[in-house]
Amino acid sequence: MTVPMVVRVPDDLLASVPAEVRGTGRDDVRLMVSRGTRVSHHAFRDLAGQLRAGDVLVVNTSQTMPAAVDGTVEGRPVVVHFSTRGPDGRWAVELRTPAASGSTERRTGDRAGAVVALPGGERLVLDTALSPDRLWWARVSAADVPGLLHRHGRPIRYGYTERDQPLAAYQTVFALPAPGGLGSAEMPSAARPFTVELVAELVRRGVQFAPVALHTGVASAEAHEPPYPERFEVPGATARLVNAAKAGGGRVVAVGTTGVRALESAAGADGVVRAAAGWTDLVVTPERGVRVVDGLLTGLHEPEASHLLMLEAIAGREALAVAYDQALSRLYLWHEFGDVHLILPDENPHRAHCDSNAW
């Protein structure tokens with residue numbers, strides 16, 4: 001398998017607070033646009049000018065859960081990150097150690113049978129290791145785990161963020177309730193800068209929206225493991241809309257890597273998308289490539305993250321390297337509260353590498 005690019009990101013380029021805290025609103029972020037190795041720089045509010053009538057934006061409707069819950073193991077504090085509910089009712093969880101900053105640190109040494117005391121008199125028992133020293137399948141005494149999370153949980157927070165933010169800061173305008181209260185352990189963050197006003201403008205310009213759902217699990221903040229199986233759904237109406245757009249010459253642009261994973265999981269080898277639901281273990285790499293997606297709107301991904309392989313599958317390694325060099329030199333902000341990157345097909349392959357812009 002191709003090795004992800006190695007990108008060195010200075011700490012001061014890690015977005016520590018939401019855009020509305022830094023500026024005027026959620027959409028007050030920058031937009032880098034790649035068309036092959038040609039890169040241009042814009043405000044996110046100018047997104048509509050980069051798309052055209054007939055394009056389809058594939059959006060993830062998964063809600064973000066307040067998936068971090070305080071607990072204790074043998075009297076010592078831990079933070080439980082609830083990730084994914086399995087088909088047998090167990091939950092994939094990660095136990096982490098509270099940090100002085102208010103975030104958490106990686107924890108090792110837990111064993112099957114360990115009991116975590118949770119708020120409200122509930123408890124969690126580690127059952128089977130899902131990944132070495134990190135994720136576990138666990139049994140939870142609470143009959144309604146999403147209810148437990150909403151009563152006692154908070155959004156997962158990583159060390160580069162300045163402080164806890166309310167759950168509303170982690171929801172996108174596309175988020176919808178899911179059966180059983182399921183959702184994502186981490187925000188489908190590429191859609192975060194969208195506002196109702198921008199969605200309305202895009203619709204007026206003939207851009208269509210196709211909903212999918214993929215409930216993301218917890219990412220590996222330290223080890224950069226590839227994603228493990230996650231629940232997804234591609235409705236029949238979305239499949240028909242995407243197939244019609246492709247047939248009519250429109251571009252299919254996924255909003256976020258979760259949109260790519262869901263849509264590509266529902267696509268056959270013939271490139272036709274069909275309604276699908278269940279679990280996907282698909283990892284998109286340059287070797288596998290993409291069958292349906294023409295473009296991607298995404299955040300800037302951390303060094304060695306497996307998501308960079310997906311970006312490379314869509315953009316190509318050379319184009320991705322040029323874009324990330326531009327992002328670093330122009331001081332773009334990384335992670336869920338940062339700036340965004342729009343990858344589109346290269347329709348003018350002989351143009352220069354960078355289009356100068358005030359941004």
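Good morning. Arg-163 counts as partly exposed, at 37% relative accessibility, where partly exposed lies between buried (under 20% relative accessible area) and exposed (over 50%), taken with a 1.4 Å probe on protein chains only. This is a predicted model, in which local features need pLDDT of at least 70, side-chain atom pairs count only at pLDDT 80 or more, and totals for chains, interfaces and linings use all residues. Residues are numbered from 1 along each chain as its sequence is written, and side-chain values use heavy atoms, with hydrogens and water left out.

Let me turn to the charged pairs. Arg-163 forms a salt bridge with Glu-162, with 2.3 Å between the closest N and O atoms; the term denotes a side-chain nitrogen of Lys or Arg within 4 Å of a carboxyl oxygen of Asp or Glu. Glu-162 is partly exposed as well, with a relative accessible area of 46%. By this rule the model holds 22 salt bridges.

Which residue forms a salt bridge with Arg-45? The partner is Asp-27, and the closest N and O atoms are 3.1 Å apart. This pair links distant parts of the chain, 18 residues apart: Arg-45 lies in the loop between strand E2 (38-43) and strand E3 (56-60), and Asp-27 in the loop between helix H1 (19-22) and strand E1 (30-35). Here helices (H or I, at least four residues) and strands (E, at least two) are DSSP runs, numbered from the N terminus. Arg-45 is partly exposed at 37%, whereas Asp-27 is buried at 14%.

A further salt bridge joins the side chains of Arg-205 and Glu-201, at 3.2 Å from N to O. Salt bridges that share partners also join Arg-52, Asp-55, Arg-251 and Glu-347 into one network.

Next, helix H2. This helix spans residues 145-152, and its buried residues are Val-145, Pro-146, Gly-147, Leu-148 and Leu-149. Those buried residues pack against strands E4 (68-73), E5 (76-85), E6 (91-98) and E10 (135-140). At the N-terminal end, Asp-144 caps H2, with a side-chain oxygen 3.0 Å from the backbone nitrogen of Gly-147.

Finally, is Ser-184 buried or exposed? Ser-184 is buried, with a relative accessible area of 0%, and is placed in the loop between H2 and helix H3 (196-204). Leaving aside residues up to four places away in sequence, Ser-184 touches Ser-62, Gln-63, Thr-64, Met-65, Leu-214, His-215 and Thr-216, a contact being heavy atoms within 4.5 Å. The side chains of Ser-184 and Ser-62 are joined by a polar contact of 2.7 Å. That term means a pair of N or O atoms within 3.5 Å; within protein, one must be able to donate a hydrogen and the other to accept it, and residues adjacent in sequence count only if both atoms are side-chain atoms.
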